[in-house]
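Let's take a look at this protein chain together, starting with its charges and then moving on to its rings. Have the sequence and the 3D view open as you read.

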Amino acid sequence: MLISRGANLLNHISKHARRKNILTNNQPSRFSHEWIYRDTNLDTDKKWIIAAEIAGGFAWWWVLYRFWYDYQHITGHWKYPDVSEWTDAELGIPPDYN
(Lines give C-alpha, C1' and ligand atoms only; values in the text may rest on other atoms or scores of the structure.)
Protein backbone atom coordinates (compact mmCIF):
# COMPACT_ATOMS: atom_id res chain seq x y z
CA MET A 1 0.00 0.00 0.00
CA LEU A 2 2.83 2.38 0.79
CA ILE A 3 4.53 1.65 -2.53
CA SER A 4 1.36 2.32 -4.53
CA ARG A 5 0.79 5.61 -2.72
CA GLY A 6 4.43 6.60 -3.22
CA ALA A 7 4.23 5.81 -6.94
CA ASN A 8 1.04 7.84 -7.24
CA LEU A 9 2.67 10.75 -5.39
CA LEU A 10 5.74 10.66 -7.66
CA ASN A 11 3.49 10.58 -10.75
CA HIS A 12 1.56 13.60 -9.48
CA ILE A 13 4.75 15.53 -8.69
CA SER A 14 6.29 14.78 -12.07
CA LYS A 15 3.17 16.05 -13.87
CA HIS A 16 3.34 19.35 -12.00
CA ALA A 17 7.09 19.68 -12.49
CA ARG A 18 6.71 19.44 -16.27
CA ARG A 19 3.83 21.92 -16.35
CA LYS A 20 4.66 25.60 -16.84
CA ASN A 21 3.86 27.75 -13.84
CA ILE A 22 0.86 29.73 -15.01
CA LEU A 23 0.71 32.11 -12.04
CA THR A 24 4.12 33.70 -12.54
CA ASN A 25 4.34 33.58 -16.33
CA ASN A 26 0.95 35.00 -17.26
CA GLN A 27 2.30 38.24 -18.70
CA PRO A 28 3.58 38.48 -22.25
CA SER A 29 7.25 39.10 -22.84
CA ARG A 30 8.63 41.17 -25.68
CA PHE A 31 12.11 40.05 -26.73
CA SER A 32 12.75 42.37 -29.67
CA HIS A 33 14.39 45.17 -27.66
CA GLU A 34 15.82 43.28 -24.69
CA TRP A 35 12.82 44.25 -22.54
CA ILE A 36 11.57 41.58 -20.14
CA TYR A 37 8.74 42.04 -17.68
CA ARG A 38 8.20 38.76 -15.82
CA ASP A 39 10.95 36.52 -17.04
CA THR A 40 14.51 36.06 -15.92
CA ASN A 41 17.43 37.06 -18.08
CA LEU A 42 19.17 33.71 -18.42
CA ASP A 43 21.95 34.77 -20.77
CA THR A 44 24.15 36.44 -18.13
CA ASP A 45 27.75 35.37 -18.61
CA LYS A 46 29.51 33.82 -15.66
CA LYS A 47 32.36 36.30 -16.03
CA TRP A 48 29.99 39.20 -15.25
CA ILE A 49 28.65 37.45 -12.18
CA ILE A 50 32.19 36.85 -10.94
CA ALA A 51 33.17 40.45 -11.72
CA ALA A 52 30.16 41.74 -9.76
CA GLU A 53 31.06 39.55 -6.77
CA ILE A 54 34.67 40.78 -6.86
CA ALA A 55 33.58 44.43 -7.11
CA GLY A 56 31.13 44.01 -4.22
CA GLY A 57 33.77 42.28 -2.12
CA PHE A 58 36.26 45.06 -2.80
CA ALA A 59 33.68 47.70 -1.89
CA TRP A 60 32.91 46.02 1.44
CA TRP A 61 36.60 45.54 2.14
CA TRP A 62 37.20 49.25 1.52
CA VAL A 63 34.36 50.34 3.82
CA LEU A 64 35.31 47.99 6.67
CA TYR A 65 39.03 48.78 6.31
CA ARG A 66 38.32 52.52 6.53
CA PHE A 67 36.02 52.04 9.53
CA TRP A 68 38.75 50.11 11.34
CA TYR A 69 41.79 52.28 10.54
CA ASP A 70 40.25 55.72 9.94
CA TYR A 71 37.53 55.72 12.60
CA GLN A 72 38.24 59.38 13.38
CA HIS A 73 36.14 60.28 10.36
CA ILE A 74 33.16 58.95 12.28
CA THR A 75 34.05 59.78 15.90
CA GLY A 76 36.12 62.90 15.33
CA HIS A 77 39.81 63.43 16.06
CA TRP A 78 39.59 66.33 18.49
CA LYS A 79 39.33 66.35 22.28
CA TYR A 80 35.74 66.41 23.41
CA PRO A 81 34.91 69.57 25.37
CA ASP A 82 33.83 69.42 28.99
CA VAL A 83 30.34 70.91 29.00
CA SER A 84 30.45 71.64 32.71
CA GLU A 85 33.07 74.36 32.08
CA TRP A 86 30.89 76.37 29.69
CA THR A 87 29.54 79.68 30.94
CA ASP A 88 26.00 80.98 30.57
CA ALA A 89 27.23 83.64 28.14
CA GLU A 90 28.79 80.99 25.90
CA LEU A 91 25.55 79.06 25.90
CA GLY A 92 23.46 82.16 25.19
CA ILE A 93 21.56 82.07 28.49
CA PRO A 94 20.58 85.57 29.71
CA PRO A 95 21.60 86.59 33.24
CA ASP A 96 19.14 86.28 36.11
CA TYR A 97 17.67 89.61 37.28
CA ASN A 98 16.02 88.94 40.64
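## One salt bridge

Let's start with a count: the chain has 1 salt bridge, meaning a side-chain nitrogen of Lys or Arg within 4 Å of a carboxyl oxygen of Asp or Glu. The general idea is simple: side chains of opposite charge can pair when their charged atoms come close. Here the partners are Asp70 and Arg66, with 2.7 Å from N to O.

Both partners are partly exposed, Asp70 with a relative accessible area of 24% and Arg66 with 32%. On this scale, buried means under 20% relative accessible area, exposed means over 50%, and partly exposed is in between (1.4 Å probe, protein chains only).

## What kind of model this is

Keep in mind that this is a predicted model, where local features need pLDDT of at least 70, side-chain atom pairs count only at pLDDT 80 or more, and totals for chains, interfaces and linings use all residues. Residues are numbered from 1 along each chain as its sequence is written, and side-chain values use heavy atoms, with hydrogens and water left out.

## The overall chain

How many helices and strands does the chain have? There are 4 helices and 0 strands, which gives the pattern α-α-α-α along the sequence. Helices (H or I, at least four residues) and strands (E, at least two) are DSSP runs, numbered from the N terminus.

Of the 98 residues, 1% count as buried. The chain exposes about 10,200 Å², with carbon and sulfur atoms supplying 62% of that area; accessible areas come from the Shrake-Rupley method with a 1.4 Å probe, and for residues only the protein chains shown count as cover.

An unreviewed UniProt entry lists residues 48-69 as "transmembrane region". UniProt positions are given in the numbering used here, feature names are shortened, and annotations may be inferred rather than shown by experiment. In the model, residues 48-69 are 100% helix and 0% strand, and their end C-alpha atoms are 31 Å apart.

Now for the rings: the whole structure has 5 aromatic pairs. Rings of Phe, Tyr and Trp (its six-membered ring) pair if their centres lie within 6.5 Å; planes under 30 degrees apart are stacked, over 60 edge-to-face, and the rest tilted. One of the pairs is Phe58 with Trp62, tilted at 35 degrees with 6.4 Å centre to centre. These two are 4 residues apart in helix H2 (residues 46-69), so about one helical turn separates them.

Tyr65 and Tyr69 make another tilted pair, with centres 4.8 Å apart and planes at 45 degrees. They also lie in H2, 4 residues apart. Phe58, Trp61, Trp62, Tyr65 and Tyr69 form one aromatic cluster.
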